[in-house]
Amino acid sequence: MIQNYRDDIKNTLQSIDYGVDCKVKMAFPQSLAEGNTVSFYEINNTATSNPIVDDIAFQVDLWFLKIEDLFSVLTLVDKAMTEKGFIRQFASPDSMLNDTSGYLRKSLRYGRRVDTLTNRLID
């Protein structure tokens, strides 16, 4: 049975004191008028050979208007996700910061195995 971890990720991201104005949501911003945005979505939720262990992964995208705000928030998001027990599996290269939308965008992927009986992240 597929477990839903979205609320847990949303709560983790919303609990961060970013120090700048930004929204947390499960969708990319539609226009620059939305302002700074931290978006997230599930990229993997698969069973393993062990019936009580799943592999899960989420992507967190930072959409910011100023480079200094983006890198400040990047550090805070990474700290919160790794303290939660996730392992950072990917960070987009700085050479890809300039998104065609006009935003500065940084993508991070976090994943881990989870014990579906206890919802604990495990190795």
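N98 is exposed, with a relative accessible area of 65%. Exposed means over 50% relative accessible area, buried means under 20%, and partly exposed lies in between (1.4 Å probe, protein chains only). N98 sits in the loop between β4 (87–91) and β5. Beyond its neighbours within four places in sequence, N98 is in contact with Y103 and L104. Contact means heavy atoms within 4.5 Å.

This is a predicted model: local features need pLDDT of at least 70, side-chain atom pairs count only at pLDDT 80 or more, and totals for chains, interfaces and linings use all residues. Residues are numbered from 1 along each chain as its sequence is written, and side-chain values use heavy atoms, with hydrogens and water left out.

**Overall fold**

The protein chain has 2 helices and 6 strands. Their order along the sequence is α-β-β-β-α-β-β-β. The radius of gyration is 15 Å, close to the 14 Å that the globule rule gives for 123 residues, so the protein chain is as compact as a globular protein of that length. That radius is taken over C-alpha atoms, and the rule is 2.2 Å times the number of residues to the power 0.38. Helices (H or I, at least four residues) and strands (E, at least two) are DSSP runs, numbered from the N terminus. Along its principal axes, the C-alpha trace spans about 45 × 25 × 20 Å.

Of the 123 residues in the protein chain, 45% are buried. Take the contacts between residues at least 6 apart in sequence: 59% of them join residues at least 24 apart.

**Surface and charge**

The protein chain exposes about 6,900 Å², and carbon and sulfur atoms supply 50% of that area. Accessible areas come from the Shrake-Rupley method with a 1.4 Å probe; for residues, only the protein chains shown count as cover. There are 14 positive and 17 negative side chains. The centres of the two sets lie 1 Å apart. Lys and Arg count as positive, Asp and Glu as negative; His and the chain ends are not counted. Each charge is placed at NZ of Lys, CZ of Arg, CG of Asp or CD of Glu.

**Helix α1**

Helix α1 covers residues 6–14, and its buried residues are I9, T12 and L13. Seen down the axis of α1, these buried residues fall within an arc of 95°, so they line one face of the helix. The arc is that of the directions from the helix axis to the C-beta atoms. Their cover includes β1 (23–25), β2 (37–47), β3 (53–64) and α2 (67–84).

R6 also belongs to α1. Not counting residues up to four places away in sequence, R6 touches M26, F40, E42 and F58. R6 and G85 are 79 residues apart in sequence; in space their C-alpha atoms are 15 Å apart.

**Partly exposed residues**

| Residue | Relative accessibility | Class |
|---|---|---|
| R6 | 27% | partly exposed |
| T82 | 36% | partly exposed |
| N119 | 45% | partly exposed |

T82 lies in helix α2. From T82 to W63 is 19 residues in sequence and 20 Å in space, C-alpha to C-alpha.

N119 is placed in the loop between β5 (104–115) and β6 (120–122). Phi of N119 is near 65°, a positive value in a residue other than glycine.
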